[in-house]
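Dear colleague,

I am handing over the structure that follows, and below it I have set out what was found. Please read the notes with the coordinates open.

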Amino acid sequence: MTSFVENKLQEVDAAKLKQWMEEDKALLIDVREKNEFATEHIPGAKLMPLSHFHPERISNEARRKVVLQCQSGNCSAKVTDKMFLAGLRDITYLKGGLAAWKSAGYPTELNTEEATNIFRQAQIFAGCLVILGIILGAFISPWFLIISGLVGAQLVFAGITDTIALTLLLAKLSYNQPKVKLDDMLV
């Protein structure tokens with residue numbers, strides 16, 4: 001007779017997670033990227049970005065419940081497949097993510113300087129591209145107006161999807177790498 005271990009994906013609400021964290025019963029892992037974590041995160045959360053997520057690195061000597069968290073709950077629910085493949089069976093994620101935590105009125109560690117900076121850079125860069133496209137289009141070739149059109153299309157796309165691809169590109173630049181304390185990272 002062959003036995004198998006059933007994979008269990010559970011969700012927890014913000015109130016229960018807060019209780020677990022106060023009782024030191026939960027290891028909260030934030031799977032958002034460094035710049036998002038540096039901007040705002042739940043106190044006590046450890047960072048393991050989705051882009052560098054390695055479940056085998058999760059050390060849980062205290063045998064706390066491992067809880068994954070992202071911005072809305074979608075990414076943390078998706079990463080569970082990697083955890084199941086790594087042999088972890090009892091996985092929980094924060095339903096609604098950081099947004100649900102904040103909606104419940106619970107505190108976060110906030111650094112507005114990081115967020116403002118990257119969005120201002122994106123606005124300045126997009127504005128410069130539009131001006132460059134117009135100037136080159138007027139004096140060199142009308143084909144350069146395509147630059148302004150593409151920037152406009154990207155801004156419309158960003159507004160519809162609530163994602164700004166330009167900020168993702170700018171975030172990769174060395175001077176935009178967030179300052180995350182080593183003790184906040186789960187390595």
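Glu40 lies in strand β3, which spans residues 40-41; strands here are DSSP runs of E with at least two residues, helices are runs of H or I with at least four, and both are numbered from the N terminus. Glu40 is buried, at a relative accessible area of 12%, where buried means under 20%, exposed over 50% and partly exposed in between, with a 1.4 Å probe and protein chains only. Apart from neighbours within four places in sequence, Glu40 is in contact (heavy atoms within 4.5 Å) with Arg32, Leu98, Lys102, Thr108, Glu109 and Leu110.

Please bear in mind that this is a predicted model, in which local features need pLDDT of at least 70 and side-chain atom pairs count only at pLDDT 80 or more, whereas totals for chains, interfaces and linings use all residues. Residues are numbered from 1 along each chain as its sequence is written, and side-chain values use heavy atoms, with hydrogens and water left out.

As for the whole protein, the secondary structure comes to 8 helices and 7 strands, and 34% of the 187 residues count as buried. Of the contacts between residues at least 6 apart in sequence, 65% join residues at least 24 apart.

A search of the whole structure finds 1 aromatic pair. Trp101 and Tyr106 form this pair, which is tilted, at 5.0 Å centre to centre and 55 degrees between the planes; rings of Phe, Tyr and Trp (its six-membered ring) pair if their centres lie within 6.5 Å, and planes under 30 degrees apart count as stacked, over 60 as edge-to-face and the rest as tilted. Trp101 is buried at 4% relative accessible area, while Tyr106, at 22%, counts as partly exposed.
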